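This report covers salt bridges and one surface patch. Please have the sequence and the structure at hand while reading.

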Amino acid sequence: HPRYVSLADNPEVFQIRKDPGTTKVVGGIWHQDLSHLPEPPLGSILYALETPPIGGDTLFANQYMAYETLSDGMKQMLGRLRAVHDNSIQSPKVAKESNQIMTTKLRDDLGEDEEPESEHPVIVTHPETGRKSLYVNIGRSHRFVDMTKEESRPLLDYLIDHSHKPEFTCRFRWRDGSVAFWDNRCLLHRALNDYPDHKRYMNRVTVNGTRPV
């Protein structure tokens, strides 16, 4: 992961940890992982080491369903649009502030100019299933190509609200030893922050992907 501090003896693994009393969790908003990269991840694998007795679930939202339930007119319009994705939510400035209230630490040794910005289609086709899905998220999609943020905001707000309707979602309840492997190309996910007095320790790896088309 380009932003989180990894294990010293295994740089491909980083820890997702929350201790009692810390107020912020990793991935607490609906998102796709690292969609600002030119080639975002195929998926992620998360292994639960120690889980709270209740809470700490992960929610997933099916973006095939988000696309398929749009009107034909909306599908046609979105098929021509591309969105600009950035990683301002994990910028070095944000990292220094977040690290004061998080157990999982963000790297703060990178310059602002080292963070890429990428353009991706709003509607993408899965390279294996051939199905279309919605590909925007609140954390990293801030405007459409050739449009300002102000012009983009109303439509983006609608799509983001639509993308995680309850009927598109499921809930993964963790236990010690649970493993989840999800497809970042057609899913949103969100970690719940509802276990203030307990710890939640996980290890995660990220699986390389290809450019969305």
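Is Asp33 buried or exposed? Asp33 has a relative accessible area of 5% and is buried, where buried means under 20% relative accessible area, exposed over 50%, and partly exposed in between (1.4 Å probe, protein chains only). The model is predicted: local features need pLDDT of at least 70, side-chain atom pairs count only at pLDDT 80 or more, and totals for chains, interfaces and linings use all residues. Residues are numbered from 1 along each chain as its sequence is written, and side-chain values use heavy atoms, with hydrogens and water left out.

**Salt bridges**

Seven salt bridges are found in a search of the whole structure; the criterion is a side-chain nitrogen of Lys or Arg within 4 Å of a carboxyl oxygen of Asp or Glu. The table lists three of them.

| Pair | N to O distance |
|---|---|
| Arg204 and Asp33 | 3.4 Å |
| Arg173 and Asp57 | 3.8 Å |
| Asp157 and Arg153 | 2.9 Å |

Asp33 is joined to Arg204 by a salt bridge. This pair links distant parts of the chain, 171 residues apart: Arg204 is in strand β13 (residues 200-207), and Asp33 is in the loop between β2 (10-18) and β3. Strands (E, at least two residues) and helices (H or I, at least four) are DSSP runs, numbered from the N terminus. Arg204 also counts as buried, at 5% relative accessibility.

The side chains of Arg173 and Asp57 form another salt bridge. Arg173 lies in the loop between β10 (169-172) and β11 (179-183), and Asp57 in the loop between β3 and β4 (58-62), so the pair ties together parts that are 116 residues apart in sequence. Arg173 counts as exposed at 59% relative accessibility, whereas Asp57 counts as buried at 7%. A network of salt bridges links Asp57, Arg171 and Arg173.

Asp157 and Arg153 are four residues apart within helix α4 (residues 149-163), about one turn of the helix. Both partners are partly exposed: Asp157 has a relative accessible area of 34%, and Arg153 has one of 28%.

**Nonpolar patch**

Tyr47, Leu49 and Val179 make a nonpolar surface patch of about 260 Å². Patches are made of residues with over 30% relative accessible area and no salt bridge; like charges are joined within 9 Å, and nonpolar side chains (Val, Leu, Ile, Met, Phe, Trp, Tyr) within 5 Å. Accessible areas come from the Shrake-Rupley method with a 1.4 Å probe, and for residues only the protein chains shown count as cover. Tyr47 lies in strand β3 (residues 43-50) and is partly exposed, with a relative accessible area of 39%.
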